[in-house]
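Please examine the model shown below, with attention to its charged side chains and its loops. The paragraphs that follow lead through them in turn.

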Amino acid sequence: MKIAVLGAGGVGGYFGARLAASGSDVTFIARGKHLEAMREGGLRVISPLGDVTIRDPKVVDSVDHVDEADLVVVAVKLWDTETAAKSLKTLADRGAAVISFQNGVHKDEALAAHLPANSLLGGVSYIASVISEPGVVTHSGTLQKLTFGEYDGRRSQRVEDFFAACVKAGITAEISDNIRRLIWEKYVFLVGLSGTTSTIRKPIGPIRDDPRTRVFLLEVMREVVAVARAQKIDLPLDFAEGRLAFCDTLPHTMTSSMHGDLERGNRMELPWLSGGVSELGAQLNIPTPKNDAITDILTLHAAGN
């Protein structure tokens with residue numbers, strides 16, 4: 001497959017490097033100092049699963065410089081989604097599949113507003129990785145998984161081909177016949193983790209260990225489940241309780257990328273996480289008081305310094 005990776009950060013840089021190292025034809029679309037470093041010294045991934053260095057990666061500064069692609073991986077921040085969608089229209093019209101491994105549940109709606117419906121695949125990524133310095137992506141822990149599929153549940157050739165490429169690259173991969181539900185399942189946990197660690201400014205360990213903040217975390221996730229069920233996503237009523245039990249298995253020091261952005265004074269994905277839950281809840285007449293509070297508390301920080 002000819003794979004274009006739009007956004008060579010923690011997610012796109014890590015998985016793109018693994019794919020490129022295993023022989024896939026990967027073109028990275030990057031910008032700024034990260035782009036310059038990749039052009040000058042390559043792309044390096046530091047990982048407990050083994051380091052990877054792509055010494056001479058195919059890297060460009062714009063989608064306009066990608067002549068051909070079978071699949072485009074979208075891994076930019078959520079506020080860049082609409083711009084990304086508009087830039088990908090030519091490739092999608094030529095037959096390229098587009099799969100987003102961004103956070104949240106709003107991403108594919110934003111892409112679908114500008115791209116052919118049949119071009120979109122659904123995807124979920126599971127990894128803790130960041131750009132630690134220009135040209136270098138650092139992976140924390142051993143979790144590195146991609147789950148993806150067609151929205152109608154069929155096992156298409158393009159899904160099978162991407163799955164084969166991931167397996168060859170040593171990426172834990174899974175094809176889902178209900179990708180919409182999986183996106184929401186991750187969203188429940190992601191909103192809980194990001195919202196609580198950012199407002200409380202502590203990692204997950206102290207939050208889950210204190211009775212009061214534990215209940216707060218649970219109620220944040222319960223609100224997401226209620227919004228999902230109102231949209232006919234078949235999550236069990238006690239799904240949030242299961243996610244809370246999952247939180248008990250996480251490293252005590254684990255935090256969220258939104259918490260990291262807050263600490264560094266960077267722009268935050270708040271409007272699509274707790275803010276997105278609040279907005280959907282208002283549209284559906286579902287009360288979301290905990291996510292409303294998180295959004296109110298963090299609003300003045302959302303744009304960064």
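Arg201 is partly exposed, with a relative accessible area of 42%; this class lies between buried, under 20%, and exposed, over 50%, for a 1.4 Å probe with protein chains only. Arg201 is found in the loop between helix H7 (179-200) and helix H8 (204-209), where helices (H or I, at least four residues) and strands (E, at least two) are DSSP runs numbered from the N terminus. The phi angle of Arg201 is near 60°, a positive value in a residue other than glycine.

The model is a predicted one, in which local features need pLDDT of at least 70 and side-chain atom pairs count only at pLDDT 80 or more, while totals for chains, interfaces and linings use all residues. Residues are numbered from 1 along each chain as its sequence is written, and side-chain values use heavy atoms, with hydrogens and water left out.

Asn285 also has a phi near 60°, positive although the residue is not glycine. The loop that holds Asn285 runs between helix H12 (274-284) and helix H13 (289-298). With a relative accessibility of 70%, Asn285 counts as exposed.

The strands come next. E9 and E10 run parallel and are joined by 4 bridges; two strands pair if DSSP finds at least two bridges between them. Within this pairing, Lys145 has Thr172 in E10 as its bridge partner. In a regular strand the side chains alternate between the two faces of the sheet.

What joins the side chains of Glu174 and Lys145? They meet in a salt bridge, at 3.5 Å from N to O, the term being used for a side-chain nitrogen of Lys or Arg within 4 Å of a carboxyl oxygen of Asp or Glu. This pair links distant parts of the chain, since Glu174 belongs to strand E10 (residues 172-175) and Lys145 to strand E9 (residues 136-149), 29 residues apart. Glu174 is partly exposed at 37% relative accessible area, and Lys145 is partly exposed at 22%.

How many salt bridges does a search of the whole structure find? The search finds 19. One of them joins Asp93 to Lys89, with the closest N and O atoms 2.8 Å apart. Both residues lie in helix H4 (residues 89-93), and their separation of 4 residues is about one turn of the helix. Asp93 is partly exposed, at 47% relative accessible area, as is Lys89 at 38%.

Arg155 forms a salt bridge with Glu160, the closest N and O atoms lying 2.9 Å apart. Here Arg155 counts as exposed, at 53% relative accessibility, while Glu160 counts as partly exposed, at 27%. Elsewhere, salt bridges link Glu150, Asp152, Arg154 and Arg158 in a network.

A patch of negative charge on the surface gathers Asp67, Glu68, Asp70 and Asp161. For a charged patch, residues must have over 30% relative accessible area and no salt bridge, with like charges joined within 9 Å. Asp67 sits in the loop between strand E5 (58-60) and strand E6 (71-74) and is exposed, with a relative accessible area of 65%.

How values were computed. Patches are made of residues with over 30% relative accessible area and no salt bridge: like charges are joined within 9 Å, nonpolar side chains (Val, Leu, Ile, Met, Phe, Trp, Tyr) within 5 Å. Accessible areas come from the Shrake-Rupley method with a 1.4 Å probe; for residues, only the protein chains shown count as cover. Lys and Arg count as positive and Asp and Glu as negative; His and the chain ends are not counted. The place of a charge is taken as NZ of Lys, CZ of Arg, CG of Asp or CD of Glu.
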